[in-house]
Amino acid sequence: MAEIATKLSLPRFRRTNKSLVLDLGEGVSLTLMQIPAGEFLMGAPESEPESRDNERPVHRVEFKESFLLGRYPVTQAQ
């Protein structure tokens, strides 16, 4: 993940397990989690109670590469 920070030109960071904490300056940081490549089923079957039409059909979603996702909602300071 260090190479990701280099590509983004963010020189100040520390890495913990599967997360990357970026120092944005002035006491503000941004925690990103690594989401691994893989696949999962998304959606709800028609037999599921309280499911909605916009949750269908059940379909396979695949991530061919891992990616970083913010661990917490983004704040105005960030």
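Predicted model: local features only at pLDDT ≥ 70, side-chain atom pairs only at ≥ 80, totals over all residues.
Me: What makes the contact between Arg60 and Glu39 a salt bridge?
Reply: The side chains of Arg60 and Glu39 approach to 3.1 Å, N to O. The cut-off is within 4 Å, so the pair qualifies. Arg60 lies in strand β5 (residues 59-63) and Glu39 in strand β4 (residues 38-42), 21 residues apart.

Me: Why is Glu39 called exposed?
Reply: Its relative accessible area is 52%. Exposed means over 50%, so Glu39 counts as exposed.

Me: What links Glu39, Arg60 and Glu62?
Reply: A network of salt bridges links them. Besides the bridge to Glu39, Arg60 forms one with Glu62, where the closest N and O atoms are 2.9 Å apart. That value is within 4 Å, so this pair also meets the rule.

Me: Why is Glu62 called partly exposed?
Reply: Glu62 has a relative accessible area of 41%. Buried would need under 20% and exposed over 50%, so Glu62 is placed in between.

Me: How do you know that Arg56 and Asp53 form a salt bridge?
Reply: Their side chains meet at 3.8 Å, N to O. Since the limit is 4 Å, the pair is counted. By this rule the count comes to three salt bridges.

Me: How many of the residues in the protein chain are buried?
Reply: Buried residues make up 18% of the 78 residues.

Definitions and conventions: Residues numbered from 1 in each chain as written. Heavy atoms only, no water. Buried < 20%, exposed > 50% of the residue type's maximum accessible area, 1.4 Å probe, protein only. Helix = DSSP H or I, 4+ residues; strand = E, 2+ residues; numbered from the N terminus.
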